[in-house]
Amino acid sequence: KNIRSTVTTVAWHPNNSLLAAGSTDFKVRVMNAFMKKKDVNEQGALLAAAPETAWGTNGPYGNILYEAGAPEGGWIHSVKFSPDGNSLAWTSHSSSVTVATATGSESGPILAHVTLHTLPSMSLLWISNKLIIAAGHDYHLQDITVGADRSQLAVGQVREGSSTGGAAKEKKMTAFERFQGIDKRGQSSDGGATAAASVKTLHQNTIKELQLLADGRISSAGSDGVLAFWKL
């Protein structure tokens, strides 16, 4: 087996021939997922060979094309390929974000790394080949820009949104409704609701997933049970 620890996150390459995986051994891997005479192209015709990528020759099914670790350690929470498939971004529990850009050369991918001054991110989303959105335990969206030479990452705008429930009037609830609300928001029964009300961000708990919608907006889903939509 090439991977000997729990896989925490996976992502497909845009051409669906490669699969990236992050795991609890603090590593990310890019592997061949192409199945000869089973995978098809956009027209539905069987493919005899895997499409070429900057990550190198695919080799046999499951072959590892690239392996790297989080520079500061930590379980890998999210891996995502860029829209062109040449870059792979990942974030770990060390609150770091790393981008590897494949060049097709023997020197290997170009690495860029930044440590965020926040709690760990749980999800990454490429908006373009140069802009990444990160989100996680700090309840907000963080812009990260990849430099022109792909060797540096710049931390940019923070998108917090605004809380719509913090100023709402308290209403009487039955015991069932109270515990139902606690379960939905992931709060404790000894003050969790009060703590959540003091949070001014749109999300009141960890953001677990980001998606780019067809109309250009971003959707975010959190442990607070909220599905939010953002305009860039």
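The structure is a predicted model, in which local features need pLDDT of at least 70 and side-chain atom pairs count only at pLDDT 80 or more, while totals for chains, interfaces and linings use all residues. Residues are numbered from 1 along each chain as its sequence is written, and side-chain values use heavy atoms, with hydrogens and water left out.

## The chain as a whole

The chain has 2 helices and 15 strands, where helices (H or I, at least four residues) and strands (E, at least two) are DSSP runs numbered from the N terminus. Of its 232 residues, 41% count as buried; buried means under 20% relative accessible area, exposed means over 50%, and partly exposed lies in between, with a 1.4 Å probe and protein chains only. Among the contacts in the chain with a separation of 6 or more, 46% come from residues 24 or more positions apart, a contact being heavy atoms within 4.5 Å.

## Strands and their pairing

Strands of a sheet pair through backbone hydrogen bonds, either parallel or antiparallel. Here two strands are taken to pair if DSSP finds at least two bridges between them.

An open sheet is formed by 3 strands in the order S13-S14-S15, with antiparallel pairing. Its edge strands, each of which pairs on one side only, are S13 (207-212) and S15 (227-230). On average, and with direction ignored, neighbouring strands of this sheet are turned by 20 degrees against each other, an angle taken between axes that are lines fitted to C-alpha atoms (for helices over the stretch in contact), on a scale from 0 to 180 degrees between N-to-C directions. Between S13 and S14 (residues 218-222) there are 5 bridges in the antiparallel sense, and Ile207 has Gly222 of S14 opposite it.

Strand S5 (residues 76-81) is largely enclosed by the rest of the structure, because 5 of its 6 residues are buried. S5 runs antiparallel to strand S6 (residues 87-92), to which 5 bridges join it, and Val79 stands opposite Trp90 in S6. The hairpin of S5 and S6 has 5 residues between the strands, and in this hairpin Gly85 takes a positive phi near 80 degrees.

## Salt bridges

Side chains of opposite charge can pair when their charged atoms come close. Counting a salt bridge as a side-chain nitrogen of Lys or Arg within 4 Å of a carboxyl oxygen of Asp or Glu, a search of the whole structure finds 4, including those in the table.

| Salt bridge | N to O distance |
|---|---|
| Glu67 and Arg29 | 3.1 Å |
| Arg159 and Asp143 | 2.8 Å |
| Arg217 and Asp215 | 2.8 Å |

The pair of Glu67 in strand S4 (residues 64-69) and Arg29 in strand S3 (residues 27-32) links distant parts of the chain, 38 residues apart. Glu67 is partly exposed at 40% relative accessibility, whereas Arg29 is buried at 5%. Salt bridges that share partners join Asp25, Arg29 and Glu67 into one network. Arg217, in its salt bridge with Asp215, counts as partly exposed at 28% relative accessibility.

## Residues in loops

Most residues other than glycine have a negative phi, and most peptide bonds are trans. Phe26 has a positive phi of about 70 degrees although it is not a glycine; this residue is in the loop between strand S2 (18-23) and S3, and is partly exposed at 37% relative accessibility. Tyr139, likewise not a glycine, has a positive phi of about 70 degrees. Tyr139 is found in the loop between strand S10 (131-136) and S11, where it is partly exposed with a relative accessible area of 21%.

In the loop between helix H2 (192-197) and S13 lies Thr201, which counts as buried at 7% relative accessibility. The side chain of Thr201 reaches the backbone oxygen of His203 at 2.6 Å. Such a polar contact is a pair of N or O atoms within 3.5 Å; within protein, one must be able to donate a hydrogen and the other to accept it, and residues adjacent in sequence count only if both atoms are side-chain atoms.
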